[in-house]
Amino acid sequence: MASKQDELFRFVEYSPENAERIGYSNYSYWRSVMQNFLKRKSAVFMLFVFVGLVIFSFIALAIGKYDWATLVTNTDLAFHKPDGEYWFGCDNLGRDYWCQVWYSMQTSVKLAALVGGGECVLGIVIGCLWGYVRWLDRPITELYNIINNVPMIIYLTLIALIFRGLSFPVMCITLIAFGWLVMARNVRNLVFMYRDREYNLASRCLGTPISRVLVKNIFPYLISVIVLRLALSIPGTISLETTLSYLGLGLGIETPSLGILLRNARNYFVDYPYLLVFPAVVVALITITFYLLGNAFSDASDPRNHV
Amino acid sequence: MVKYSITRLLQSAVTVLIVATIVFLLMRALPTDYFFTEEEVMKLTEQQKQDRLEAAGLNDPVAQQLLRFYNELLHGDLGKSRRIRVDKPVIEIIQERFPVSMKLGLISLGISLVLGIALGILQVLNKEGPLDHLGMIYTIFVNAVPPLVTYSLVLMFGAKVLDLPSMFSKRNELQSSIMPVVCLSLSSIAHYAMWTRRYMVDELNKDYLRLCRVKGMPTKDIMIKHVLKNAFVPLIAYIPASILFTIGGSLLVERFFGIPGMGPLLVDSIGRYDTPLVQGLVVLYASMSVIGVFLGDVMMTVMDPRIKLTGKGDTR
Amino acid sequence: MKKKGTRLLALLLAAMMVLTACGGGGEPKQPDTTDTPPATTDGETPSTTPETPTTPVTDNKGEPIKDFVTYQTATAEMETLFTLYSESAGDLDYLTNCIAGLLEIDNRGKFLPAIAKEWETPDEGKTWTFHLRDDVVWVDVNGNEMAKCTSKDWLTSLEYVLNWHKNSGRNSSMPRMMIAGAEEYFKTVEAMDEAEALELNCDSDLFKNTVGIEAPDDYTLVYHCVSNMLYFDSLAVSAALMPLNQGQLDAVGVGSEMNSIENTDLWYNGPYIMTEYIQNNSKTFTRNESYYDKDCTLFDTVTVLMVDDVLMGQQLFMNGEVDIAPLSESNLRTIYGDPNNEWYEHLVEGRPSKYSYQAHFNFHKKLDDGSEDDNWNNAIANTAFRQSIYYGMDLTNYWARTNFIHPEKCENVAYTMKGLLYFSDGTDYVEHVWEKIGLPDGRGRYDATKAQQLVEQAKQELEGKVTFPVQLDHWIAASNQNSLDQAVVLKEIIEAIGGPEYITLNIRTYATSLKKEVTDFRLHCWSFGNGWGADYADPENFLFQELYDDAGALYSMNTSFINEATDPQLIEDYKTYTAMVREAAGIYDKDERYEKFAEAEAFMLDKAFVVPVLYQVNWRLTKVNAYTQKYAMFGMQNNMWKNWETSTEPYTTEQYTQLEAAFNAGN
């Protein structure tokens, strides 16, 4: 017995520094997020694809032989099939399709990003207030029900008609105004859950202001949900924009979007499938990317998945 | 429970009323020209237009119109359509349209529930396997790609390859319903599969299941008695609402295939300034959604006695 | 353990699938698809018929179609089934097949007897007498006879139309303008108490004593006009003068009850009975066995499908599901570009639609902030500036948007529609206008050199008053891709006149198809492509719309806002034009009257108050001989499916050329 003990244990010299050392695990929240995220190969791959696509949209416009702003119609070239001169062919008016697709993609991504960001900010602010400030619960719940209980298309149609069409800013504001709901509800439920945990109670007893409690104590728990919503809202916005364009309620023509290209292509795709395929593939790439990214990142950013 | 239900329904009625009021006011913010056809806008004199607006009661102060609307609503009268079908009671128009939407909606709901749940179960059983991945890819594709594109593909495939009729027709209802039903089901199958999978995985990770396994309960029993049943509870909350929503129809699908249902009615009636019809539809949609949520909650308590409905913290 | 589970679930899945199948198939479906077949009974695939140009009409191998199928797009869905209430072509195109009127029109726009077997006006249009057939009956939806159709039905209908409390003034404007006492009766009744007004009918003393209509017996009908109404017969083919039986009113009710009438409650005296109506899906019409005209050619059934867009219609035609399909540009291009295409030989060109399309300038434009757009207003008030646009627009590409194979067929250089009015020697009124503006063929207004001179002249005259380039705001519906495509073409056309430094066209958008959200605020520079369809056969119906200082002049009041313009020269010219038109309107000798009108029209065109831009001539695939269809520029009857020559085989281009030649030769 004694000999075994000797093998397993030995004496060490007393060292004052080591005695002061604490069990620090070198944990960093964001590093763990990144590590977990990088493990999802498909998501990382799609991220590269998307970034590549955005960068390429600029390159494409630069290397394209035609500029969107100076496109002219040419009936002889109508429905010209893709070739060396017109890489994506020509549309029904004989205009180069290549620059239209990439230009539209930029519009759509810009719209989706702005709407996603806006929804995010508005949703978090309202969600926090909703969950934390008790007397606001009732009014915000009412507001939520009012917007949520009617198909959004009613409000969108009415606004489109009142504002004489949805210009880019109006479209952004409208979509944000009706899009914050889901985010706010998710945030609210989480805030509700963590608000009365003991450590928050303690924090409040120590006199921490509400804003600090929200930002420092509760907010980190929300990140995963927020990222997920943000990522899902981008494909959502793009889908919604195509649907609105189809109904004639989309963006004006001075801002060509993928939705408008798709709507137009619908009339021709049986005979000229490339008019549908190019924008559709671009849309699908963007939306699928964000879908995957969102899921991967939200898993990665959930502290419960770390360790 | 009863008291709670009553309060909650009363609250909902107030919500519906507020929604109707907001839409009412928004409608009145539209220029009255929408009230006329393009030809009428061109060919009628200002006096004739004023006369028509007067006759339709649209020249009265908004407050007065609103009071009249409330009064009619109290008497269960939704008014008469103006432009979709001149002077036909709104209720009759809705009655004519909703069975069509509902029928297609219910069929596709049934299909998507069965296929979706089955797919979800298969994915769980084959977790991280090829089937699971296939299911995931399907879910992602259907969720991410805009419906307009998906429907175009279905239409192209259905019409060109399978030679299915591309127009809905009462004479050939079975065949001509196939493509609409497929379009309606595509995304909801993915939806139900995703939720089934998620809830089942959550359930599988619970401690009591480990106990079941340890005590030697057969997988079959575990799956049916515990996992599926418990995973079903959150799903079931959505079902009443989904059933009610079939009444509303799908705007895109019904436009696409020329189905005489409720879907396009709303946008058409707004575009034609058919105020009574718009208001009728809004009241209908808002009530459906409120009732759907409420029924969902009730069903949840029925399925799972642990859940209790109280006035507190049940905002969804 | 895992395997077992899988098997179980697979079983479960299989069971569920079976259930689903039942769920899908167990729905109550109408089993009989053969009861009323979707009309294409032609089994043979369209063979490319070897053409031996003999008699032009009969060389098509097909049989006449018995069950005709056509389609419409959703935007034109019917709003009411009550003829007297409806003022929209969307309704009347179908109702004309249900209700027969006094007269009919033929394939050249001339009048034919219908229920009135003879009619005359002994005093230059002051009184009109119609002698009716005695074998016309009203039937219900099942074909049961409900009543005889007599002259009294026209009294009933006129009373109904003129009674504000019954018909809200719908369709009343033309009768009030033309029939003696109608305006007075209308005003009196409008001022009446509702209950009292609803009591009125054609036997009431008020109606009898006020309105200039009488029925000496059951089959004679006399109208008295306010003045010499040379063109009263045009009213006889419009909705306002369609008959209405008192029995129908007694059965259904008046006002909203009639407006919301169902096809099953309607009484029919026309060639077809509307046997099924599913809103936003389809309408079915069945031949009326009791229709008075036993010798005419009618289809057994006509089905009208509702499709989302024109493209779908083409697909349906190619599948043999419909019998006529206008072609969209893309489809036309595909077929036209490929001589091996199955449909290459079947491309046919239709006749012009009944609208004469114009561009109207706005003489009182405002900016978005509501202030005056002086730059535009000064420029457009200058005659040379307007003329530079008038002569300088090379519209070929614009016409190609409508018809790229023969764009020149779309050229329109006159204001009044051709084929509407004929001098007594048979020449078209519009040909006289063409001569007066120096384009005897009606072709070739574009003149680059002349335009260049005018550009220079305008630049000189406007020096200091106007900053070039002049900004031209062109408004289109945001949702409408077609108008966008046109606008892009127009921008190129406009900016080619004197270069982009002369005029710049800005494409701007509004939300819906209703232009009023722009024109109410005077935001437009011009209103491009307004189509005016005639209400009745007289030049005044067109030329009155441009009068100066006249509240009834629709384009002056709503589009050009000429009454608010300030330029003295412009106003002077407009006043001259107005005086010319008014002088012509006071002449009751037809030829002299038309000649004067033609002079006024030529003056207006020379001053370029408006710019005629287009006739609509479309390509299509069809099994219908368009030259046998009714073709009038006014009235509600163009879509009456009567005496149509059809073939189960689609017509070929060559056959259609022969048909056109034969038709023109018969002129």
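The model is predicted, so local features need pLDDT of at least 70 and side-chain atom pairs count only at pLDDT 80 or more, while totals for chains, interfaces and linings use all residues. Residues are numbered from 1 along each chain as its sequence is written, chains are lettered from A and ligands numbered from 1 in the order in which they are written, and side-chain values use heavy atoms, with hydrogens and water left out.

**Salt bridges**

- Side chains of opposite charge can pair when their charged atoms come close.
- Over all chains, the structure holds 38 salt bridges, each being a side-chain nitrogen of Lys or Arg within 4 Å of a carboxyl oxygen of Asp or Glu.
- One of them joins Glu77(C) and Lys283(C), at 3.0 Å from N to O. Glu77(C) lies in the loop between β1 (67–73) and α2 (89–95) of chain C and Lys283(C) in strand β11 (residues 282–287) of chain C, so this pair ties together parts 206 residues apart in sequence. Helices (H or I, at least four residues) and strands (E, at least two) are DSSP runs, numbered from the N terminus.
- Both Glu77(C) and Lys283(C) are buried; buried means under 20% relative accessible area, exposed over 50%, and partly exposed in between (1.4 Å probe, protein chains only).
- Arg508(C) and Asp368(C) also meet in a salt bridge, at 2.5 Å from N to O. The pair links distant parts of the chain, with Arg508(C) in strand β17 (residues 503–510) of chain C and Asp368(C) in the loop between β15 (356–361) and α14 (374–381) of chain C, 140 residues apart.
- Arg508(C) counts as partly exposed because its relative accessibility is 22%.
- Another bridge pairs Glu583(C) with Lys596(C) at 3.6 Å, N to O. Here helix α23 of chain C holds Glu583(C) and helix α24 of chain C holds Lys596(C), 13 residues apart.
- Glu583(C) is partly exposed at a relative accessible area of 44%, and Lys596(C) is partly exposed at 26%.
- Salt bridges that share partners join Lys365(C), Asp368(C), Asp373(C), Asp473(C) and Arg508(C) into one network.

**Surface charge**

- Asp123(C), Glu124(C), Asp589(C) and Glu592(C) gather in a surface patch of negative charge. Patches are made of residues with over 30% relative accessible area and no salt bridge, with like charges joined within 9 Å and nonpolar side chains (Val, Leu, Ile, Met, Phe, Trp, Tyr) within 5 Å.
- Within this group, Glu592(C) is found in helix α24 (residues 590–606) of chain C and is partly exposed at 45% relative accessibility.

**Cysteines**

- The count comes to zero disulfides over all chains, where a disulfide is a pair of cysteine sulfur atoms within 2.5 Å.
- The closest cysteine sulfur to that of Cys120(A) is in Cys128(A), 11 Å away and too far for a bond.
- Cys120(A) is buried at a relative accessible area of 9%, and Cys525(C) is buried at 0% relative accessibility.

**Buried parts**

- Helix α11 (residues 258–266) of chain A is mostly covered, with nine of its nine residues buried.
- Ile562(C) sits in the loop between α22 (554–560) and α23 (568–585) of chain C and is buried, with a relative accessible area of 0%.
- Ile562(C) and His364(C) are 198 residues apart in sequence and 7.0 Å apart in space, C-alpha to C-alpha.

**Chain B**

- Chain B has 15 helices and zero strands, and its C-alpha trace spans about 85 × 55 × 30 Å along its principal axes.
- Of the 316 residues in chain B, 55% are buried.

Conventions: Accessible areas come from the Shrake-Rupley method with a 1.4 Å probe; for residues, only the protein chains shown count as cover. Lys and Arg count as positive and Asp and Glu as negative; His and the chain ends are not counted. The place of a charge is taken as NZ of Lys, CZ of Arg, CG of Asp or CD of Glu.
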